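Hi,

Here is the structure I promised to pass on.

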Amino acid sequence: MAAVATMPVSDLLKSFKLKTKQQELLIRVSILCLVYILAFITRLFSVLRYESMIHEFDPYFNYRTTLYLTQNGFYDFWNWFDYESWYPLGRIVGGTLYPGLMITAALIYRILHFLRFAVHIREVCVLTAPFFASNTTLVAYFFGKEIWDTGAGLVAAILISVCPGYISRSVAGSYDNEGVAIFALLFTFYLFVKAVNTGSLAWSLASAFGYFYMVSAWGGYVFIINLIPLYVLVLLITGRYSMRLYVAYNCMYVLGMLLAMQIRFVGFQHVQSGEHMAAMGVFFLMQVFYFLDWVKHMLSDTKLFQAFLRITVTCAVAVGTIALGLGMLSGYISPWTGRFYSLLDPTYAKDHIPIIASVSEHQPTAWSSFMFDFHILLFLFPAGLYFCFKRLSDATIFIVMYGLTSMYFAGVMVRLILVATPAVCLISSIAVSATVKNLTVLLRSKNKGVQTGSTKGSSSSKASSKALLDQSQPFQKNGAIALLFGAFYLLSKYATHCTWVTSEAYSSPSIVLAARGAHGNRVIFDDYREAYFWLRQNTPPDAKVMSWWDYGYQITAMGNRTVIVDNNTWNNTHIATVGRAMSSYEDEAIEIMRSLDVNYVLVVFGGVTGYSSDDINKFLWMVRIGGGVFPVIKEPDYLVNGEYRVDKGAAPKMLNCLMYKLCYYRFGEMLTEYGKPPGYDRARGVEIGNKDIKLEHLEEAFTTSNWIVRIYKVKPPNNRW
Amino acid sequence: MRSLSFFFVFLLSLFPILCFSFNPESPTDRRVLVLLDDFSLKSSHSIFFNSLKSRGLNLDFKLSDDPSLSLQRYGQYLYDALIIFSPSTEKFGGSLDLAAVIDFVDSGHDLILAADSTASDLIKNIATECGVDFDEDSSAMVIDHKSYAISGTEGEHTLIVSDDFIQSDAILGETKIEAPVLFKGIAHSVNAANSLVLKVLSASPSAYSANPESKLLSPPLLTGSAISLVSVVQARNNARIMITGSLDLFSNRLLRTAVQKSGSQDKYDKSGNELFVTEISKWVFHERGHLKAVNLRHLRVGETDEPAMYRIKDDLKFSVEIYEWSGKSWEPYVADDVQVQFYMMSPYVLKTLSTNGKGLYHASFKVPDVYGVFQFKVDYHRLGYASLSLSKQIPVRPFRHNEYERFITTAFPYYGASFTMMAGFFIFSILFLYNK
């Protein structure tokens, strides 16, 4: 791409008396600058459309902790015991989060204040993800340069700057761990590949620090600590073992492990958890390998060495197996967690851990979302793999492995598309860069004969270009021009697709809902904030609010009230207790609520607006999670012939459970849509089955203007009974 | 002009005193509304009313159908207690109705309700709301052929005697009621679902509830000691209610009659009624058995300010002051069974408080090795006493990063190992690098 861009401006540049190298550098730098800015501004749709606000659920917790960090300092943050969530258990926040994001934002905030920019911490939090997305483009450039050439690096930077798979988690306001973690992930990989390529201790040390930052930022570091050993193992097996690899891996692993242990949430997992054992195994394997190499070097007799090899390998394997077995049996090494299992076996969570399966972003990915998030990259990816295999090196092996494994994980879980995105962009950039380069070489070789280099051919149109080569020169040139235009057409399509996806799909804060009105105008539902503000203003400061865990972070951050469960789903029993309360009859539920000192109950209801991700649609998960711990709750009680319904034909338990009553209280009198009977649920398109709902122990306290959030107050026990 | 404004300021400052004569600081009732069927009751029950007046209560007699009846004005209650001695009223006058009476009780005021054989549905409904069910047969009365009062005029054995009192000094006073109580009226039972209602005076096992004038065709619904003659309720807000099926219980006639129980040689010159109704009215009007707990405090040992949060394994001191209202002043309450709980879903610490005899209760204990949001809970429920339910939320945090032990003795071998390892590696590196 750079090479193409050089041609028209080269005349102009000549007047500046720049040498070709300098010209190229200038162009490269200016392209990178533009990409850097582009990556930032394309993520600002949400700010322009709505306002500078934090999105979704988890970011609210991150925002609250960042606020705490900036107000109370690092040590208070580190030791923070939060008694406003998980009542009455509380949560040791400092020890149960990845502090990288908060510390980064607080650091940016401090620097800005040091430079006398009096920004609010919220603005910093909102813009952290776009800022790191911009930095990621730079890393992508260097990474591409490392594995292929500068052209590929530039294309990679451009592709990743607008790739929807990445934008989905890094728009302004999406203040989540992933925002900085993708940067850290790619940076670590880049430094490690650099270390492997150079065999330099310095790069390896740098990658250990990159790994440390990644560990501090996101739980996805487990991917690094498993991919790198796998990569090393592949290199060992394919006979690409070298001293460079030995230095890079050992230094990175040992230092990275020690550094990672400084994060309280990770602690001793690197030596105690089953998920990290692969890295340790490979570490020992490398020592054995090196030792054998040395012995081989010392022993001249091959027969003797063979015998020695046999004994050593047997011993090493035996010792390793025994150590692992003893560790597992004694419980020192914890077995794999459910999340890890569900990555390897997509059906595992569905059968065993409903709380993981209940999260929509943990669902297996549909083909359409691949298409949506990658667009043309989906076709360029195999082409890029082809180029990588054609020019195998340590670096390309790495990117191939990264691409293939992350693509598998992206297929298992929707949210892991994010991890695959950098790999897909890099590999696709190789395809684009190599193709364009070949075609332009073909175009520029005016009077020369057919160059051998051009036979490398292009990607998707490989067969046709081969056919072209057999033709005469002008026809071949025309073909190349046509193919170039084709490539530009595809790339421009990609650009428009990315912009469209960003503006339409990924810039919604999900806390403010937008819909199209009858006349095509935009209607804003700001019910969530209305409800949380009501809680903040109208309830006693120590009031306890029970809701499904999705809203926990938002209630504590915006409503400033104590919640029973929140999005940090660390205690399944506690969540199951809430699920049980929601799916019981009112008089059973009140016992549970009293035992948890609940003062208010909050439900989200979409029947009036047609908002489909409300509590009634999530209700079966509450039943499943509740039933997983308390077998008195049985899913079939809420279903009719295996069908979930809320109309007249619904199961009697469904019609009278707490969640149904709270959602549909007074709804039976309401006309929601013209020409439909009262009590017509627009989210599910049915008339509800129980219109005469009486509440005994709860009373309606507040319902937002569009009925999306409904808050109920728990009545005190009867005075005379 | 100026003096006028001063006068207003003075009036305004008096206003709270005028409005809240019932207040937590002096819980005894002052203003009592007495509802009567007709004013002749004033003389026929004068002994009871006079005993109330002599205790400083301000009685306001009104006919139950008085159209100006009202319990509150401008949102403030005009009375502290209500005596309903109008059993046959079908409908109260003025703004008073069932809901108003129940609201009156639910806002912390007291009620004495007496019915008799003419009891209307309204009166029965009030009782039902308080957990007491009168016999549904409107002509039934309590009949007891074994423990009736021997008197010349009675042949139906509806004037019965009972001495089956509840064993509580708080409710019935410290003087033992020697003579049995005369009772003539209708039976009621207490609702089993209501845990707050108490039978103060029960009928004997041989009593039953039936119409004395007709033949008994089917077995009576209420029999034996399931029949309650006098019941009390102490609501959760400490409002006190007394319900009885006999208006005559308070009458001068029964208060002054000599009594002899059938089959017993003991003859008393005066029935126990006077003492009984006086004592129980003292209880109902909060002259006795009213507790308050104040100054709930907790401190870390060695500190003087109350902390906002404890750490696990902290030593703390807990204290609370409990006083009892004697009718005139707050006296220290002395008991050895007051307990404090350190509670998070279940009590982690349960400790009996020791008292200094001057109302101060205290205990000291160690915070358990569990973090979370705890509560200090004092739940004190004793028969006849106002119930105390105090709770104070206090979070307990784990150790800070610098509060752990710096060096653990048992770990010295490990420290030694790591430092010798480091030293060894250093020496080895020097030797390896520079010793060719």
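Below is what turned up, starting with the ground rules.

This is a predicted model: local features need pLDDT of at least 70 and side-chain atom pairs count only at pLDDT 80 or more, while totals for chains, interfaces and linings use all residues. Residues are numbered from 1 along each chain as its sequence is written, chains are lettered from A and ligands numbered from 1 in the order in which they are written, and side-chain values use heavy atoms, with hydrogens and water left out.

Let's start with chain B, residues 412–434. UniProt lists this stretch as "transmembrane region" in an unreviewed entry (such annotations may be inferred rather than shown by experiment). In the model the stretch is 100% helix and 0% strand, with its end C-alpha atoms 33 Å apart. Leu431(B) sits in this helix, H9, and is partly exposed at 49% relative accessibility (buried is under 20%, exposed over 50%, partly exposed in between, with a 1.4 Å probe and protein chains only). Leu431(B) also belongs to a nonpolar surface patch of about 1100 Å², whose members include Phe425(B) and Tyr434(B) (patch residues have over 30% relative accessible area and no salt bridge, and nonpolar side chains are joined within 5 Å, like charges within 9 Å).

Next, the rings. The whole structure has 75 aromatic pairs over all chains (ring centres within 6.5 Å; planes under 30 degrees apart are stacked, over 60 edge-to-face, the rest tilted). One of them is Tyr211(A) with Tyr221(A), edge-to-face at 6.2 Å centre to centre and 70° between the planes. Tyr211(A) is in helix H10 and Tyr221(A) in helix H11, so this pair ties together parts ten residues apart in sequence (helices are DSSP runs of H or I, at least four residues; strands are E, at least two). Phe48(B) and Phe85(B) make a tilted pair, 5.9 Å centre to centre with 35° between the planes. That pair links helix H3 to strand E5 of chain B, 37 residues apart, and both Phe residues are buried.

Glu178(A) and Arg169(A) form one at 2.9 Å, N to O; Glu178(A) is buried at 3% relative accessibility, and Arg169(A) is buried at 12%. In chain B, Arg256(B) meets Glu274(B), also at 2.9 Å. Here Arg256(B) is in helix H7 and Glu274(B) in helix H8, so the bridge ties together parts 18 residues apart in sequence.

Cheers

Technical notes: Areas by Shrake-Rupley, 256 points an atom, 1.4 Å probe, with all protein chains shown as cover. Salt bridge = Lys/Arg side-chain N within 4 Å of Asp/Glu carboxyl O. Phe/Tyr/Trp six-rings, centres within 6.5 Å; stacked < 30°, edge-to-face > 60°.
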